[in-house]
Amino acid sequence: MNQRNTKQKRIVYEALCALGHPSATELYERVHETHPTLSRGTVFRVLSAFAEEGRAVKLSFRDSDVRYDATLSKHFHARCRRCGAVRDVFSPALLATLGEVETEGFLADGCAVEFSGLCAECAENANS
């Protein structure tokens with residue numbers, strides 16, 4: 001792997017960590033502000049590689065662009081139905097419960113749980 005790719009990957013990974021749960025387009029726009037020579041295709045390829053290598057998690061939400069998450073510990077997500085913000089949800093109790101679910105012979109190696117509702121900001125604006 002050449003040095004240029006390493007620098008590009010570092011730039012993309014730092015932006016991913018800073019943004020939380022960005023779409024590839026959101027991440028590209030952030031990176032492009034400070035690194036205008038980094039192409040959209042490179043950012044998308046690097047994100048895809050991160051997901052394949054296990055350095056990021058690819059998140060697919062209903063009615064939303066694919067998003068990426070640099071948090072690799074087991075957790076869930078909550079998504080605001082108004083603004084689309086995504087937040088991490090950590091629940092050891094829910095993880096333990098899901099580990100005991102019977103799958104009727106299906107060998108499950110994971111699951112996706114999405115909580116929906118309003119983020120604090122949208123809830124506050126709705127009450128104003």
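Predicted model: local features only at pLDDT ≥ 70, side-chain atom pairs only at ≥ 80, totals over all residues.
A residue counts as buried when its relative accessible area is under 20%, as exposed when that area is over 50%, and as partly exposed in between.

The protein chain contains five helices and five strands. Read from the N terminus, these elements follow the order α-α-α-β-β-β-β-α-β-α. Along the principal axes, the C-alpha atoms occupy a box of roughly 50 × 45 × 25 Å. The chain has 128 residues, of which 29% are classed as buried. Among contacts with a separation of 6 or more, 43% are made by residues 24 or more positions apart.

The side chains include 16 positive and 17 negative ones, and a distance of 8 Å separates the centres of the two sets.

Two aromatic pairs are found in the structure. One of them joins Tyr13 and Phe50 in an edge-to-face arrangement, with 5.7 Å between the ring centres and 90 degrees between the planes. Tyr13 belongs to helix α1 (residues 3-19) and Phe50 to helix α3 (residues 40-53), so the pair links distant parts of the chain, 37 residues apart. The two partners can also be placed by their accessibility. Phe50 has a relative accessible area of 0% and is therefore buried, because the cut-off for that class is under 20%. Tyr13, at 25% relative accessibility, counts as partly exposed. The ring of Tyr13 has a further neighbour: the charged end of Arg55 sits over this ring, 4.7 Å from its centre.

Phe76 and Phe115 form an edge-to-face pair, with the centres 6.5 Å apart and the planes at 80 degrees. Phe76 is buried, at 3% relative accessibility, whereas Phe115 is partly exposed, at 35%.

Note on methods. Residues numbered from 1 in each chain as written. Heavy atoms only, no water. Helix = DSSP H or I, 4+ residues; strand = E, 2+ residues; numbered from the N terminus. Buried < 20%, exposed > 50% of the residue type's maximum accessible area, 1.4 Å probe, protein only. Contact = heavy atoms within 4.5 Å. Lys, Arg positive; Asp, Glu negative; His and termini not counted. Charge placed at Lys NZ, Arg CZ, Asp CG, Glu CD. Phe/Tyr/Trp six-rings, centres within 6.5 Å; stacked < 30°, edge-to-face > 60°. Lys NZ or Arg CZ within 6 Å of the ring centre and 35° of its normal.
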